[in-house]
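Please load the structure shown below in your viewer and keep a selection panel open. The stops follow one another from the whole chain to single pairs of side chains.

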Amino acid sequence: MGLIPGLAARLAGCRRSTRIVSSAEHPPYFRRSAGPGWVLAGDAGHFKDPVTAQGIRDAVRFGRLLGEGVAPLLDDPAALDRATRAWERTRDAQCVDTYHWTNLLGRGDGLAHVQFELLRALTGRPGGVRRVLDVYSRIRDLRETLALPGLLKATTRALRSGAGARPAIVRAVGDTLLELAGHRAEARRLLTGGAAAVRP
């Protein structure tokens with residue numbers, strides 16, 4: 001809680017009345033989600049860490065789009081299979097960036113210090129809170145708001161303020177930069193109709 005001073009202040013004097021239950025492992029995935037006569041919707045086909053609350057949004061959105069797309073085709077198996085494959089490609093292309101962003105936020109390593117500094121800088125600007133909320137609402141492209149220059153500045157601030165955590169911060173940021181480079185190529189493959197083979 002020390003990383004979120006505002007929350008610590010709000011909870012000062014509070015007393016825990018139940019035991020804390022946590023879950024540390026949330027392996028994310030995209031699965032092949034459409035084939036002849038079958039389809040996987042919601043978490044059955046695609047899951048990401050609940051830290052950004054994006055999974056329920058995607059399950060509802062793409063469940064609705066699936067229903068709308070296949071309802072008129074139920075008596076035409078070939079057209080139905082084409083529609084479910086197209087739906088899968090659309091889901092993957094629209095979810096892949098948020099998937100990787102969520103994976104980074106859910107890591108719980110030295111990157112947490114950088115995330116705090118990045119969010120503090122973003123929300124400290126006029127209209128910054130709205131910009132961040134728009135990312136979570138998927139109104140604004142997260143790549144615009146959480147771009148590399150801001151990440152590097154946040155890393156510098158985190159290294160200055162988190163002396164004890166510097167090795168963990170450096171490791172986590174190095175891993176993140178390598179991941180981000182790979183994610184761009186992965187997103188391009190999905191956008192051009194490549195196979196769903198995304199891994200955490």
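The tour begins with the overall fold and then turns to the cores and the salt bridges.

The model is predicted, so local features need pLDDT of at least 70 and side-chain atom pairs count only at pLDDT 80 or more, whereas totals for chains, interfaces and linings use all residues. Residues are numbered from 1 along each chain as its sequence is written, and side-chain values use heavy atoms, with hydrogens and water left out.

**Whole chain.** Colour by secondary structure: the protein has eight helices and four strands, where helices (H or I, at least four residues) and strands (E, at least two) are DSSP runs numbered from the N terminus. Along the sequence the pattern reads α-β-β-β-β-α-α-α-α-α-α-α. Of the 200 residues, 32% count as buried, a term that means under 20% relative accessible area, with exposed meaning over 50% and partly exposed in between (1.4 Å probe, protein chains only).

**Largest nonpolar core.** Next select Leu111, Val114, Ile169 and Val173, which touch the most other members among the 13 residues of the largest nonpolar core; such a core is a set of buried Ala, Val, Leu, Ile, Met, Phe, Trp, Tyr and Cys residues joined through side-chain atoms within 4.5 Å. Helix 4 (111–124), helix 7 (148–161) and helix 8 (166–191) each supply at least two residues of this core, and helix 4 gives the most, with four. Centre the view on Val114, which touches Leu151, Ala154, Thr155, Ala158, Ile169 and Val173, not counting residues up to four places away in sequence; a contact here means heavy atoms within 4.5 Å.

**Second core.** Then select Phe62, Val70, Leu80 and Trp87, which are among the eight residues of a second, separate core.

**Salt bridges.** Which residues are linked with Asp58 in a network of salt bridges? Select Lys48, Arg57 and Arg138 together with Asp58 to display that network, a salt bridge being a side-chain nitrogen of Lys or Arg within 4 Å of a carboxyl oxygen of Asp or Glu. Asp58 pairs with Lys48, their closest N and O atoms being 2.5 Å apart. Because Asp58 lies in helix 2 (residues 54–70) and Lys48 in the loop between strand 4 (46–47) and helix 2, the pair ties together parts that are ten residues apart in sequence.

**Last stop.** Finally, move to helix 5 (residues 128–136), where Asp134 and Arg130 are four residues apart and so separated by about one helical turn. Their salt bridge has its closest N and O atoms 3.3 Å apart.
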